[in-house]
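Biologist: Before we start, please take me through how to read the contacts between chains in a model like this one.

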Amino acid sequence: MMNAMATPDLLTALRDTNPIVHCITNYVSMNIAANVILAAGASPAMVHAHEEIEDFTPLCNAVSINIGTLSVPWLASMTTAAQVANNHDIPWILDPVAHFISQFRRQAAQDLLNLRPTVVRGNASEILALAGEQGAGKGADAGDPVEAAHTAGQSLARQYDMVVAITGPTDYVTDGSKEIHISGGSEIMPRVTALGCALSALIAAYTAIGPRLDATVTALAHFKTAGTLAGQKANGPGSFESHFLDALSTLKDDNLTGVIA
Amino acid sequence: MMNAMATPDLLTALRDTNPIVHCITNYVSMNIAANVILAAGASPAMVHAHEEIEDFTPLCNAVSINIGTLSVPWLASMTTAAQVANNHDIPWILDPVAHFISQFRRQAAQDLLNLRPTVVRGNASEILALAGEQGAGKGADAGDPVEAAHTAGQSLARQYDMVVAITGPTDYVTDGSKEIHISGGSEIMPRVTALGCALSALIAAYTAIGPRLDATVTALAHFKTAGTLAGQKANGPGSFESHFLDALSTLKDDNLTGVIA
Amino acid sequence: MMNAMATPDLLTALRDTNPIVHCITNYVSMNIAANVILAAGASPAMVHAHEEIEDFTPLCNAVSINIGTLSVPWLASMTTAAQVANNHDIPWILDPVAHFISQFRRQAAQDLLNLRPTVVRGNASEILALAGEQGAGKGADAGDPVEAAHTAGQSLARQYDMVVAITGPTDYVTDGSKEIHISGGSEIMPRVTALGCALSALIAAYTAIGPRLDATVTALAHFKTAGTLAGQKANGPGSFESHFLDALSTLKDDNLTGVIA
């Protein structure tokens, strides 16, 4: 059970601390990521100009980097932001969105990974492909793909000394030794765009206030539980988004513990 | 009656096939276009970097190009995406948003049109102006402007061997010989931003799974019918958007036939 | 009391006139700003390419410039748009979002301010920092920060011959001599992203149809009153946004007068 090790009041701490999350994220996700961060209790800041990174990133409490609508100038800003975060001991999250769709993006994901993010979050395909390019994802071709992704995630976590979160119907988190599963959510969630991107930004917010593994687990539990509640009230993806943001803003620490194992 | 010729189960086919729609669209529309595509039953992919187009576009089932917040680098990506789509027999849609507002955009719309889209979607003003620049929109200055737009649309459809969709209170679709009208919708729709852009992306999704004329008609019928349902429940443009996405996700093929004539 | 001097039917006039608002605004705010303008009764146009500004800006009735996700090419377009607006006597609004976070943004805000916007809207921190860089915000270090921001706003208004709007729990508007307060709203509003940016765009819409001070006050009253209504119905930030847009679209002039003092 994770419950014993998780900081029990991390959600309350998030709201009390109100950390600033510097997001360099894709255009599709910007509005919903900012709204998720605000609803959860932290402060988003979308800033991407290379001219601003060295001034601004050190003022933030966490950084979220998402390559969803990547381009050459944005990649330069992401790279500098990761380096500045490292130099200032600021945690940063990498979301390697669909990094396998082009040589440009594949290389970008690898280069960012080499800068050692605090947490990587992706779906099973993304994590498998990320590990495969390292020669670490051998399990991908045989047996259960979800199990293969977990094995790949553990290898990546050990190789880069980071936390890996693999999200899906059941979320999986590992630091290379511990393994935690988070249940809940709604089958409507994949029908709402950019929720995964927004989740990465929420993980970043939590890494500002707690140990990386606990922070990741609490972010996922917060997200899954809000998804469960919204799914019970929604009539489809439109009303889901509205209920989901409401639920993120009203949940308490006590609501989150049951979904973590 | 269109009903006899329309593929009767195109909406079910969309959900079963789940085609990938590569969207290069304006910033305002990205989130709602992705949500419309997801709610309807397909998969959106917003990718614009020129470095990725040649790798990524061939992996997609349709392309949606929208010049709403056009810039020089994005135009280069749109042009390459249209060329790659042509080379791979992938259908692509052009949405020439307000192409008459500047010389830059007017030229861009003409250059993209010369690459022969599968479908062009616009409002009456946009189609009239597009035809007028060809010398084909002579009817624009006299009589009923809606009728003039239909005549212009037919000329354009013949000239470029494409389908033209003119959307408004009643939608009009032509391939240069056949003419189909789609009724329904809600007067709230023009008060929600980027719905037209999202509709173009939905047409792209349907062109991935059916003949271009049937695909366009079914996309418009799906959109109009969802608009009708949402309009009955909404208290204004905010609640409309929520109900509209819900309706897109719950409609069945049988719900669409009555609005096509 | 402001009521005596405010144009009593400015909201009706907005809907009747339907002015076009050229917005060069940040990525996070684009969709919600467009939806706010549409819900209120005007027409948004998001256009940022430098190639289009000289053709397009003169066709518009107001311009809204917001530096929220600033970059070098966008700043060039903002600068040209402000100059074109000045040359054509088109009112324009500056929203100096978080201009204190980097040297790049600080300089950009100052350069745009030197082009003499019709209205500047910001929160207390932004207005204080803007004045401080002029040596005009001496009051910022002592006493009540809200009072200090009001003093700073008055100085700025006089120095640049403009209207300054400082928004917060109670909004404050000044042209350097008159002072107006607008009450209402909801404590949920700061938990919805980009509402301040959308408000700046709404001020722009009103400046197209009324004197700058009345226009600003009416925009703020329209926004605050919609916020009050939405706050009464909402269960959190997700449902708030939906109710808020609905309320913007249904309010009448008579609903706005009580909140202005």
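Modeller: We can begin with polar contacts. Between chain A and chain C there are eleven residue pairs in polar contact, both residues at pLDDT 80 or more. A polar contact is a pair of N or O atoms within 3.5 Å; within protein, one must be able to donate a hydrogen and the other to accept it, and residues adjacent in sequence count only if both atoms are side-chain atoms. This is a predicted model, in which local features need pLDDT of at least 70 and side-chain atom pairs count only at pLDDT 80 or more, while totals for chains, interfaces and linings use all residues. Side-chain values use heavy atoms, without hydrogens and water, residues are numbered from 1 along each chain as its sequence is written, and chains are lettered from A and ligands numbered from 1 in the order in which they are written.

Biologist: Which elements of chain A each supply at least two residues of the side that touches chain C?

Modeller: Elements here are DSSP runs, helices (H or I, at least four residues) and strands (E, at least two), numbered from the N terminus. For chain A facing chain C they are α2 (30–40), α3 (50–56) and α10. The largest share, six residues, comes from α2(A). By class, this side of chain A has 13 nonpolar, eight polar and four charged residues. Ala, Val, Leu, Ile, Met, Phe, Trp, Tyr, Cys and Pro count as nonpolar, Asp, Glu, Lys and Arg as charged, and the others, Gly among them, as polar.

Biologist: How many salt bridges does the rule find across the interface of chain A and chain C?

Modeller: A salt bridge is a side-chain nitrogen of Lys or Arg within 4 Å of a carboxyl oxygen of Asp or Glu. The rule finds one between chain A and chain C. A:E52 pairs with C:R105, at 2.8 Å from N to O.

Biologist: How is the size of an interface given?

Modeller: It is often given as the accessible area lost when the parts come together. The buried area is taken with a 1.4 Å probe and summed over both parts. Chain A and chain C bury about 1900 Å² between them, 55% of it on carbon and sulfur atoms. On the chain A side, A:L38, A:E52 and A:D246 lose the most area to chain C, together 27% of what that side buries.

Biologist: What does chain A bury with chain B?

Modeller: The two bury about 1900 Å², with 56% on carbon and sulfur atoms. Here A:Y27, A:I101 and A:R191 lose the most area in chain A, together 31% of what that side buries. Contact (heavy atoms within 4.5 Å) joins 23 residues of chain A to 25 residues of chain B.

Biologist: How are two copies of a chain related?

Modeller: By a rotation about an axis and a shift along it. Copies are superposed by least squares on the C-alpha atoms of residues with pLDDT of at least 70 in both. Chain A can be laid on chain B with an RMSD of 0.0 Å by a turn of 120° and a shift of 0.0 Å along the axis. That is the relation of a three-fold axis. Of the residues of chain A, A:Y27 comes closest to the axis, its C-alpha at 4.0 Å.

Biologist: Why do the copies meet through different surfaces?

Modeller: Only 4% of the interface residues of chain A are also interface residues in chain B, so the surfaces differ.

Key
Contact means heavy atoms within 4.5 Å.
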